Amino acid sequence: MRQHNHPPEPLLLVPGLMCDEAVWAPLIPLIAHAAPCSVVDHGAASSLPQMAEQLLRQAPARFALAGHSMGARVALEVFRQAPDRVSRIALLDTGYLPLAAGEAGQSEKDKRQQLLHIAKTQGVRSMASAWVQGMVHPQRLSDAVLMASIVTMFERKSLEIFEAQIHALLARPDARSVLQSLHVPTLIACGDHDAWAPLAQHQAMQALVPHARLAVFADAGHMAPMEQAQAVADALLQWLAAEGIGQARGKEAH
């Protein structure tokens with residue numbers, strides 16, 4: 001078997017809802033020495049399994065995978081479909097459960113439909129300006145550069161893509177079994193002020209993946225990679241350097 005030191009396999013960075021390379025741009029210069037990075041584009045895909053299939057068609061034979069928000073759900077789908085191709089996985093500011101039944105699920109559906117309605121009637125920029133208010137640490141709402149970069153990133157995506165991605169999220173699969181099957185170095189991480197995917201959700205994910213490391217980024221909301229790039233980069237570098245589970249435990253599992 002080929003022995004290799006770092007850099008390891010290429011690192012695929014998977015953006016979330018209406019996001020693109022801009023969500024990863026602040027930290028790529030901080031981690032590129034540890035792994036060659038590329039950012040995935042979901043195109044017009046309207047389901048998480050479809051996004052995962054697209055990624056796998058374009059991906060190298062084996063790769064490391066880091067996803068943010070919806071992108072982390074896509075990463076879990078990739079692992080479900082091709083576990084042997086993923087060397088390690090990082091799940092940032094995300095969730096793992098399907099749409100809830102009853103009132104809670106209807107409430108989420110209503111919130112997403114309200115944003116879609118704003119995008120349809122007032123444009124994607126207006127929707128992004130409303131959406132971003134709850135997506136960053138409260139103290140960053142006055143950071144004009146950060147806020148503009150998030151809104152502009154959203155504005156690069158069309159209304160049709162927004163509709164397709166909302167459809168994908170509302171029909172998202174239950175990822176509990178995937179989390180329980182993870183056998184590669186795993187990072188689960190979020191901002192300490194993530195109101196959309198709170199810390200408790202990530203603690204519940206870690207409970208399903210006992211070997212996973214949980215990192216919490218101080219003074220960050222849902223857009224942690226853009227809000228606290230250095231802290232996120234540090235966590236990713238530690239994860240990229242982590243030994244594989246088999247390497248760490250030796251051969252006793254066999």
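**Pockets and a cavity in a predicted model**

Helix 3 (70–81) and helix 4 (102–122) each put at least two residues into the lining of the second largest pocket. Helices here are DSSP runs of H or I with at least four residues, strands are runs of E with at least two, and both are numbered from the N terminus. This is a predicted model, where local features need pLDDT of at least 70 and side-chain atom pairs count only at pLDDT 80 or more, while totals for chains, interfaces and linings use all residues. Residues are numbered from 1 along each chain as its sequence is written, and side-chain values use heavy atoms, with hydrogens and water left out.

Rolling a probe the size of a water molecule over the atoms shows where empty space is left. On a 1 Å grid over the protein atoms alone, a cavity is a set of points where a 1.4 Å probe fits but cannot get out, a pocket is an open set with protein on both sides within 12 Å along at least five of seven lines, and lining residues have an atom within 4 Å of a point. Points are joined across faces, edges and corners, and a volume is the space filled by probe spheres set on them.

The second largest pocket comes out at about 510 Å³. Its lining runs to 29 residues, with Arg73, Glu108, Arg112, Arg172 and Trp196 nearest the centre. Helix 4 supplies the largest share of that lining, five residues. Sorted by class, the lining has 15 nonpolar, eight polar and six charged residues. For this sorting, Ala, Val, Leu, Ile, Met, Phe, Trp, Tyr, Cys and Pro are nonpolar, Asp, Glu, Lys and Arg are charged, and the others, Gly among them, are polar.

The largest cavity has a volume of about 50 Å³, and its lining includes Leu48, Arg73, Leu76 and Tyr96. Helix 3 gives the most here, with four residues. The cavity lining has five nonpolar, one polar and three charged residues.

Zooming out, the chain has 12 helices and six strands. Among contacts (heavy atoms within 4.5 Å) with a separation of 6 or more, 77% join residues 24 or more positions apart. The C-alpha atoms fill a box of roughly 60 × 40 × 35 Å along the principal axes.
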